[in-house]
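Subject: Structure for your review

Dear colleague,

I am handing over the structure below and would be grateful if you could look through it with my notes beside you. The notes follow directly after it.

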Amino acid sequence: MNRWKALAVLGLAQFLMVLDASVMNVSISQLVEDFDTEVTAIQAVITLYTLVMAAFMLTGGRLGDMFGRRRVFLGGLMVYAVGSGLTAVAPTVGVLALGWSVIEGLGAALVLPALAALVAGAYQGKDRAVAYGVIGGLAGAGIAVGPLLGGWVTTYLTWRLVFAGEVVLVVLILVLNKWIPAEERPAERGRLDVPGVVLSAAGLALVVLAVLQSGTWGWVQPRNPPFTVLGFAPTLFVIGVGGALLYAFVHNERREERLGRTPLVHVRLFRIGVLRSGLMTLFNQNTILLGLFFVIPLYLQVVQGLDAFETGLKLLPVSIAMLVASMSGSLLLRVASPRRIVRVGLLVLLAATLWLITTIGPELNGASFAGSMALLGLGLGMLASQLGNVVQSGVEEQDRSEAGGLQYTAQNLGSSVGTALIGALLIGALATSVTELVGADPRISAAVSAQATTRVEAGISFVPSDQVAAALAAQPGLPPAEAAALLEHYESAQIAGLKSAVLACSAITAASLLFTRRLPRERSGNRKDLGSR
């Protein structure tokens, strides 16, 4: 059992990293109320957290190579604890964003690449496949415990206690850090590629910011942007600038290699077919996961009126199924290759999202919803059980920290894009549906229809229908019959927006199958069996 002590400590850290994200998703409505803000503000906070991690994950991996992975792992945990403590006492949304999104995000960017490399360094062969299955399972456990624990604490106590508890978990990990095998100090530290850090962080930030704001700015025709470019919405232009910065980042990394310096990431790694497929599938998995975990709580809390604890109970089937499937990774490898397991997982995930669409309606179909959630967890768990080991086993020992940085960059960039893109599609579909329904209803006068369209174009929020009813009742001169029709259309538009958002997740799932061709075709978890590079 001694050989698994390191896994116990590293697994606890992995559990910690995903716990608060799932708590945030299930506590959206309470956070909106506590900070007297809107859903879009909390969406921005959640997106910023994953964006900070994605933007600085490569930097975290490089620092692990420079100063030692264990040392950076422990230092990152300390930073993370500071952010958790600040989040627990945050008086405003701004302080919440600083503590959770920025400081915790930076701490996680140090912890996760080192964690991935430490697992790979501590275990070999079948033990490594088991270890990564456990890590994936504990990530599933964090997703399982987060909605339930966070929902109960949010409903009956306060969500702040979760973040205070995280500080205690960090202290426990620091006490047990001796269980992690010691490693040799790096022979040469080298230098940090500062231009690479700036270019990668700025490029990723601009792309995700534009996607996040697309629901408000519009994609082509301006909706309510702070500025326009040649009369068009700035969204695609900001994405273009971000893309240009990322292109400059790649050029900078190649230049660093030519000059004999150590780049932030070796571009040659992207020539490894297994690594490319693993990273793209990880990106898509997290885009789907975080997109759904943003949309589903809104459906349960805003449309169905459930509290955070009740929401956690409804999400329990997906969490349990994901935990079980993730922990079964090494068993699945006895009967199928990683590529087949991932492809079956994507097909299961596709079936689950299509089933979920049929369950979204004004009334909650409990049994059907639970079934779709369980199937969703099964598909996600099958992916989680394989992808971490595929990425780490596809590179040489000296590239482990870099691969860990790329692994968690892909995951957190997917999380950022998932929350931003699916959230933007939800708000965009809501606005479009409201405008179309109101404009086509003969019960609503042309003047009221025009006024409603103007309000929608200025910005629309996903809020409970009773808030809309109260706002309509407060409008002077609005006939009760027209107010009732407007409320009816808003409620219908909410359902249409939710279905559109989940359908987008289905499309991403189907497209993900295109990126699995280079995944390992052999059952063995050994690197030599990982197929064509």
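In this predicted model, the axes of helix α14 (residues 338–359) and helix α15 (residues 366–393) come within 8 Å and cross at roughly 155°, where axes are lines fitted to C-alpha atoms, for helices over the stretch in contact, and angles run from 0 to 180 degrees between N-to-C directions. Helices here are DSSP runs (H or I, at least four residues), numbered from the N terminus. Because angles under 35 degrees count as roughly parallel, over 145 as roughly antiparallel, 65 to 115 as roughly perpendicular and the rest as oblique, α14 and α15 are roughly antiparallel to each other. Their crossing is left-handed, a term used if the near helix is turned anticlockwise from the far one by less than a right angle, with right-handed used if clockwise. The residues in the contact of α14 with α15 divide into 21 nonpolar, nine polar and no charged; Ala, Val, Leu, Ile, Met, Phe, Trp, Tyr, Cys and Pro count as nonpolar, Asp, Glu, Lys and Arg as charged, and the others, Gly among them, as polar.

Two conventions apply to everything here: residues are numbered from 1 along each chain as its sequence is written, and side-chain values use heavy atoms, with hydrogens and water left out. Since this is a predicted model, local features need pLDDT of at least 70 and side-chain atom pairs count only at pLDDT 80 or more, while totals for chains, interfaces and linings use all residues.

T353 also belongs to helix α14, and at 1% relative accessibility T353 counts as buried (under 20% relative accessible area, with exposed meaning over 50% and partly exposed in between, for a 1.4 Å probe and protein chains only). Not counting residues up to four places away in sequence, T353 touches L292, L376, V502 and S506, contact meaning heavy atoms within 4.5 Å.

On the α18 side the residues are S465, V468, A469 and L472, and they meet A483, L486, L487, Y490 and E491 in α19. By class, the residues of this contact comprise seven nonpolar, one polar and one charged.

Is Y80 buried or exposed? Y80, in helix α4 (residues 69–88), counts as buried at 0% relative accessibility. Leaving aside neighbours within four places in sequence, Y80 is in contact with L16, M17, D20, Y49, E104, G107, A108, E166 and V170. Of these contacts, A108 is 28 residues from Y80 in sequence and 6.5 Å away in space, C-alpha to C-alpha.

I135 lies in helix α6 and, at 6% relative accessibility, counts as buried. With neighbours within four places in sequence left aside, I135 is in contact with L7, L10, G11, Q14, L115 and V119. The C-alpha atoms of I135 and A13, 122 residues apart along the chain, are separated by 9.5 Å.

Most residues other than glycine have a negative phi. D36, in the loop between α2 (28–34) and α3 (39–67), has a positive phi near 50° and is exposed at 72% relative accessibility. L230, in the loop between α8 (194–217) and α9 (235–258), likewise has a positive phi, of about 55°, and is exposed with a relative accessible area of 75%.

Finally, on confidence, the mean pLDDT (the predictor's confidence in each residue, from 0 to 100) of the protein chain is 84, and 95% of its residues reach 70 or more. Confidence is lowest in helix α6 (residues 125–156), at a mean of 72, and highest in helix α14, at 95. Over residues 525–533 the pLDDT is below 50, and this stretch has 28 contacts in the model beyond near neighbours in sequence.

With best regards

Methods: Helix = DSSP H or I, 4+ residues; strand = E, 2+ residues; numbered from the N terminus.
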